[in-house]
Amino acid sequence: MLDNKIVLVGYSGHGLVVADSAKASQMNLQFYTEQQKMEVNPFGLEYLGFESDATFSNWDKPYDYVLGIGSNTIRKKVAQLILSENKQLLNVIAPSSQISEEIIIGQGNFIAKNATVNIMAKIGDYCILNTGCIVEHECVISNGVHVAPGAVLLGNVTVGEQSFIGANAVIKENITIGRDVIIGAGAVVLSDVPDHSKIVGNPGRTISYE
């Protein structure tokens, strides 16, 4: 039986990176959805329309879906829409990533080139582990988290839902980061972070959340 044809949801910016890894992994990527047809189409995908429009007519087709959306808020909304239509959300894992066989991972995730996920980590649903990031042993990454390029999460770090870990940030071992948190690029986090916080600097300090 052939694999189902796959729809990429979002085909600009981050979506292009996802498409590149999906093709490199020999996934059966055939279509894309966007608000409008894209002029730049490096993978020759067929345009299906906009998945959030009431007129979108492809939910009855035997297609699976992957997420190409960088925004945590929009990615969550679209993921929930796709799941509500009883469609499969697939993971895209770049071939150059280093992923332990002893992890637990949900659906709709993207693990980019040269990312590392070590033993007994737990990855929720519709997360992004971006280029070259490191998620060490026994970390827990909740739904909708984005770990940006080069960020390092040391052992036993827990990250709450919808949080963003900025590029090249370092999170000390055994730290808990709450939900809807923003960790700035290059920040070094040495203590627990409550929900709805924004942390910058080395050592990390809280600034106003706007």
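In what order do the 4 strands of the open sheet lie? Before answering, I noted that this is a predicted model, in which local features need pLDDT of at least 70 and side-chain atom pairs count only at pLDDT 80 or more, while totals for chains, interfaces and linings use all residues. Residues are numbered from 1 along each chain as its sequence is written, and side-chain values use heavy atoms, with hydrogens and water left out.

Entry on the sheet. I read the order as S3-S2-S1-S4, with parallel pairing, where a strand is a DSSP run of E of at least two residues and a helix a run of H or I of at least four, numbered from the N terminus. Two strands pair if DSSP finds at least two bridges between them. Strand S3 (46-47) and strand S4 (63-67) are the edges, each pairing on one side only. Strand S2 (residues 29-33) is joined to S3 by 2 bridges, and I found Glu46 in S3 as the bridge partner of Phe31.

Entry on the cysteines. I found 0 disulfides, a disulfide being a pair of cysteine sulfur atoms within 2.5 Å. Cys139 is in no disulfide either, as the nearest cysteine sulfur, that of Cys133, is 10 Å away. Cys127 is buried at 1% relative accessibility, and Cys139 is buried at 0%, where buried means under 20% relative accessible area, exposed over 50% and partly exposed in between (1.4 Å probe, protein chains only).
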